[in-house]
Amino acid sequence: MAETVLIVDDDPAHRRHLDGVIQGLGYQTIAVESGDKAVSLLMRPQAAAVDAIVLDLVMPDLDGLGVLARMREQNLRIPVIVQAANGGIDNIASAMRTGATDFVIKPATLERLQVSLRNAFRMKSLADRVQRLNDRREDFLSLSDVITNSPAMQSVLQAAQKAAASVIPVLIEGEPGAGKELIARAIHGSGKRHDKPFVVIDSRNLLDNAIAPLLFGGRSQAFADDRKVQGHKLFETDGRTILLKDIGALPASAQLHLLEVCQRADELQTGELPGNVRIICTTIDDMLAEVKAKRFREDLFYRLDVFRISVPPLRARSEDIPRLAQHFLTRFAAEDDKRIRFIDEDALGLLQAYHWPGNVRQLKNAIHRAVRSAKADRIGIDAFSQIAAHFDSCPQPAENLIEPAPPLAVDRRDLHEAVSPEAMSAAASALPLTDASGEVRPLADIERDAILFAISHYRGQMSEVARKLKIGRSTLYRKLDALQMHGT
């Protein structure tokens, strides 16, 4: 698949010239006439299709340096070849400081442009490899690396920033797959101990008295002598952070051992013995209910629940889905050496409409499967057949849409098969605005009937249904999802 070059030049003649020259070199092109349009394009998911940029330095409104600055703010690592009629040293220095990878004088010769593009693509390939390695080094993660546009996550990040500035115990709660461990790693990576070890322990594996060997290298007898506490691995590695996952699953005997650890840590704060270890816990349980049911020690819970952070599920922050999906796409495409650029708008609409019971982990796995099976340079809606099946199993309407419709019953039949031709004809001629008692029907019921009729009329072609109803496809899916969730 040929690389794609974004051409940004306000001179139409020179823009057409560059377009022809670069295409002649065997590359695909996208041409825009202003810095503002370039930034707008780069902020959309289609930015993944751009492999290099040829950028005019002098333009009205947003100039080349402004575009470079915006790219740096958004952490866009696309190689940029800056071009300008004036090749003064100040222009070159300014462009390079702002993030350009090369500089050519207008009009650039064919040979010069070819060399610059070749070097740019090599640089991008190297950067992708480095990024791939960095993605695997999860310990080196800060709060600025958390991908979100959601207001629901802003309070999480603010609380996490406060937690990173201290050493107090943190309890992170949330549904499975919502990103609790990610937040824990980001807290560690944003604090003063970012260069210290980050140790993850699954509480479900701490059976009976196993917590002492896991935390202290088998020296559980050290508890019997305060002077031997300093021999524990917990205190040998000064500054480390220990993440206890699913703390609600910790067995009762292990809870007692952990309580003793916390008590010893309190004593160490007096300065009598060296040591400075932080504990962060995650949970999917309602810990107060676990305490009330006597399944979790109350004294231990209040030692761990010093600073609590609640991570919202993905369905509560659907605006994060496009960026998360693009992040996973870029990562897995690099790992599999595939040139997959972006996800189609229809597919993104489907992903945003889905309720994601498995949260971010499920989205990640869905993108990974789509990348593995992809044959083209983009991922379409057909790559998410399991998710689409959720919407294809539709509610069954009343037999006659003219009469007030009863509550919807969820079944597994297609909507366009569930509505009879007679009902379609009747609904087309007279959609009722009043119910049997003469009262005006709720707007939601009228909208439901209109959507059901449209799906039947266009035989389940969802793109056509959305187009004729003049709503976005993602909006249509969300409305269908609401019909199902409120069905009986």
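Helices (H or I, at least four residues) and strands (E, at least two) are DSSP runs, numbered from the N terminus.

I also noted that this is a predicted model, where local features need pLDDT of at least 70, side-chain atom pairs count only at pLDDT 80 or more, and totals for chains, interfaces and linings use all residues. Residues are numbered from 1 along each chain as its sequence is written, and side-chain values use heavy atoms, with hydrogens and water left out.

**Entry: the chain.** I found 21 helices and 14 strands in the protein chain.

Entry: I traced an open sheet of 5 strands, ordered E7-E8-E9-E6-E10, with parallel pairing. Strands E7 (198-202) and E10 (307-310) are its edges, each pairing on one side only.

Next I checked E6 (residues 170-173) against E9 (residues 278-283): 4 bridges join these parallel strands. I looked up Leu171 and found its bridge partner in E9 to be Cys281.

**Entry: helices on the sheet.** I took contact as heavy atoms within 4.5 Å. For angles, axes are lines fitted to C-alpha atoms, for helices over the stretch in contact, and values run from 0 to 180 degrees between N-to-C directions. I saw helix H7 (residues 180-190) lying across E6, E7, E8 (241-245), E9 and E10, and running at about 150° to E6.

Methods:
Two strands pair if DSSP finds at least two bridges between them.
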